[in-house]
Amino acid sequence: MFEQHRETLEKALSAIAGRGYWSAYPESPSPRVYGEGAAERGKEAFESYLGKPFPLGQPGTGAWIGAERSPYGIDLGVTYPEPVAGDLIEAAKAALPAWRDAGPEARALACVEIVDRINKRGFELANAVQHTTGQAFVMAFQAGGPHAQDRALEAVAYAYAAMTSSAAAARWEKPAKGEPLVMEKRFTVVPRGVALVIGCNTFPTWNAYPGLFASLATGNPVIVKPHPRAVLPLAITVQIAREVLAEAGYDPALVTLAAEEGNGLARTLATHPDIRIVDFTGSTEFGDWLERNATQALVHTEKAGVNTVVIDSTDSWKGMLGNLAFSLSLYSGQMCTAPQNILVPSGGIETDEGHKSFDEVAAGLAAAVGRLLGDDARAVELTGALVNPDVLARVEAAPSLGEVVLESRAPAHPAFPDAVIRTPVIVRVDPDRPDVYGHEHFGPVSFVIPTGSTRESLDVLRRTIKARGALTASAYSTSSDVLDQAERAALDAGVNLSCNLTGGVFVNQSAAFSDYHGSGANPAATASLTDPGYVAGRFHVVQSRRPA
């Protein structure tokens, strides 16, 4: 089981050091890549879960719970064992010593085996992701599958590198009068304790896998607490992890599922004295609560942010508008990296097609979105469906916030007539309305904001991101001096910056092994996915020594 993955682990270690392009898992759902019939078998596997208890093999209260409904209008009807929080924690604690004693290499290779098996069930997971998040199928396959799996492998590589950065044993000799002092020393990686991963509704695998695998690889048992609307993708993940661990001779209680229907289980678990690590993706409100109250644990949170675009000038007018239109439309803006605030000098900008006034920039962006999403059948494969009623409420409220530049519309889905779908709404907001644009409006809502100058735009970027946080920022300019100023502003704000994106790379996409997701340097996140700091606090090194 383990030896076949040694080369993959070594390649991942090289990739995190070099930061160039590398992916272990192909993102194309083509039969040429994953085999004839794989898509059909995956869909059949997904459908076999519907309306039934999920086969997890995990103890609970005896009751079965579940309330997932697809944003495409289907009641899934899958139920899960209702957990007893204390029992999960005690079982995890009992499983820890043998997993700790297995050592860094065995743990890392076991984790790679888990990820490999997850990849082999990619179409099954893609259907589960699609019908719990509202993502279109191709995005669910890619972001919920290979991209998430790459992030998992990246976390394992960082964990392994950190655990093996120094020798596990040493012979220590100190010259002395007569015979030297000689000691044999051993240095053992000791896990922090039981970990809790609190999943999100929109990207249940992509956002959960880094914390899950970083903790598991460093020796910590993991309790996975999915969002009540997106349990199935993580239930499949936990099922696979438990199978691999049992086959490898370890207690499957190292990974357990804590499903719930909104009864506050996350708070109960997160503040339990035996929970030593918490990974969370979701709202600022609950993330802040965790940081204040889960004081016994190492807490990593990814929360809301105000992602900002600064437009100064461009040498590719059509390319800029097309790129921004795609970024605003992808998954209906329901991405933590999607742009929201678009800052443009009120006097307009210079382009390869001549000077464009502020109004022309706003109208050009609206027209680009309109062209991209003009055909309903094409539009729904890009926007997907709205993940929950809160997003719909924000879209419907957006016109009251300013002057509408582009109205949202409701395309009809040819395969799912009950799907709730909305195209982006773009609103012009004056710069003196930070009460509007100064916080996140999660979903397909964005603002174009006239500023006095590019310098003022950069000041707004600094100010809003320092106050509210952001996961992405982008700038467009033909001036190297302005781009340098933008980079300094991004460093001041602690946000990752993309410049002059006009082609097939988009600000709301993040590549494993190369791009850092979040920085930990602004309020939107306490850590970066993934870097050495993300894994370092998950273990300690304990030494023993004796005379040689």
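## Close-up views of a predicted model

View 1. Helix α5 covers residues 104–120 and helix α8 covers residues 146–163; they pack at about 175°, and their axes are 10 Å apart. The axes here are lines fitted to C-alpha atoms over the stretch in contact, and angles run from 0 to 180 degrees between N-to-C directions. Helices are DSSP runs (H or I, at least four residues) and strands are too (E, at least two), numbered from the N terminus. On the α5 side, the residues in contact (heavy atoms within 4.5 Å) include Cys111, Val112 and Val115, and on the α8 side they include Leu153, Val156 and Tyr160. Sorted by class, this contact has 11 nonpolar, 2 polar and 2 charged residues. Nonpolar covers Ala, Val, Leu, Ile, Met, Phe, Trp, Tyr, Cys and Pro; charged covers Asp, Glu, Lys and Arg; polar covers the others, Gly among them.

A quick note on the model: it is predicted, so local features need pLDDT of at least 70 and side-chain atom pairs count only at pLDDT 80 or more, while totals for chains, interfaces and linings use all residues. Residues are numbered from 1 along each chain as its sequence is written, and side-chain values use heavy atoms, with hydrogens and water left out.

**View 2. Here is Phe46, a residue of helix α3 (residues 38–49).** Pro233 is 187 residues away along the chain, yet its C-alpha atom is 9.9 Å from that of Phe46.

**View 3. This is the largest cavity, with a volume of about 140 Å³.** A cavity is a set of points on a 1 Å grid over the protein atoms alone where a 1.4 Å probe fits but cannot get out; lining residues have an atom within 4 Å of a point. Grid points are joined across faces, edges and corners, and the volume is the space filled by probe spheres set on them. Of its 17 lining residues, Phe280, Thr281, Glu302, Leu529 and Tyr534 lie nearest the centre. Strands β8 (275–281) and β9 (298–302) each supply at least two lining residues.

Notes
1 Å grid on protein atoms, 1.4 Å probe; cavity = no way out; pocket = protein on both sides within 12 Å on 5 of 7 lines; lining within 4 Å.
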